[in-house]
Amino acid sequence: MAYSEQAQWDFGVDVITPFGFDWNRGREDKSVHPFTTSFGIGDVRLTTRFMADNCSFLALQHHA
């Protein structure tokens, strides 16, 4: 089954927001290799690798 990038992005937002991810203090971006980093207190960056044949949910949930 194929998943569009937008569908994966929207699903990820719907899942990590209830985990307490604060979108006013962090962001998500597209990347070749997913990672999480922080440049300071209140600044969290998530990156996600989107693959049409493999939903990115597990990687995003892991970083959240």
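**Fold, confidence and side-chain contacts of the predicted model**

The protein exposes about 4,400 Å², of which carbon and sulfur atoms supply 56%; accessible areas were computed by the Shrake-Rupley method with a 1.4 Å probe, and for residues only the protein chains shown count as cover. The structure is a predicted model, in which local features need pLDDT of at least 70 and side-chain atom pairs count only at pLDDT 80 or more, while totals for chains, interfaces and linings use all residues. Residues are numbered from 1 along each chain as its sequence is written, and side-chain values use heavy atoms, with hydrogens and water left out.

Confidence is expressed as pLDDT, the predictor's score for each residue on a scale from 0 to 100. The average pLDDT of the protein is 76, and 72% of the residues score at least 70. Helix H1 has the highest confidence, with a mean of 85, whereas helix H2 (residues 57-63) has the lowest, with a mean of 56.

The secondary structure consists of 2 helices and 3 strands, arranged along the sequence in the pattern α-β-β-β-α. Helices (H or I, at least four residues) and strands (E, at least two) are DSSP runs, numbered from the N terminus. Of the 64 residues, 23% count as buried; the term buried denotes under 20% relative accessible area, exposed over 50%, and partly exposed the range in between (1.4 Å probe, protein chains only). Contacts are defined by heavy atoms within 4.5 Å. Among contacts between residues at least 6 apart in sequence, 36% join residues at least 24 apart.

Two pairs of residues illustrate the relation between sequence separation and spatial distance. Ala2 is exposed, with a relative accessible area of 64%. Glu5 and Arg49 are 44 residues apart in sequence, and their C-alpha atoms are 9.2 Å apart.

Glu5 lies in helix H1, which spans residues 5-16, and is partly exposed at 37% relative accessibility. When residues up to four places away in sequence are not counted, Glu5 touches Lys30 and Phe50. The side chains of Glu5 and Lys30 make a polar contact at 3.0 Å. A polar contact is a pair of N or O atoms within 3.5 Å; within protein, one atom must be able to donate a hydrogen and the other to accept it, and residues adjacent in sequence count only if both atoms are side-chain atoms.

Side chains of opposite charge can pair when their charged atoms come close. Under the criterion for a salt bridge (a side-chain nitrogen of Lys or Arg within 4 Å of a carboxyl oxygen of Asp or Glu), the count comes to 2. One is formed by Lys30 and Glu5, whose closest N and O atoms are 3.0 Å apart. Because Lys30 lies in strand S1 (residues 26-30) and Glu5 in helix H1, this pair ties together parts that are 25 residues apart in sequence. Lys30 is exposed, with a relative accessible area of 55%. Arg27 forms a salt bridge with Asp29, with 2.8 Å between the closest N and O atoms. Both Arg27, at a relative accessible area of 40%, and Asp29, at 25%, are partly exposed.

Polar contacts were also identified for two threonine residues. Thr48, in strand S3 (residues 43-48), is buried, with a relative accessible area of 2%. The side chain of Thr48 is joined to that of Glu28 by a polar contact of 2.6 Å. Thr17 is located in the loop between H1 and S1 and is partly exposed at 35% relative accessibility. A polar atom of the Thr17 side chain lies 2.7 Å from the backbone oxygen of Val13.

For aromatic pairs, the rings of Phe, Tyr and Trp (its six-membered ring) were required to have centres within 6.5 Å; planes under 30 degrees apart count as stacked, over 60 as edge-to-face and the rest as tilted. By this rule the count is 1 aromatic pair. Phe21 and Trp23 form this pair in an edge-to-face arrangement, with 4.6 Å between the centres and 70° between the planes. Phe21 is buried, with a relative accessible area of 14%, whereas Trp23 is partly exposed, at 31%.
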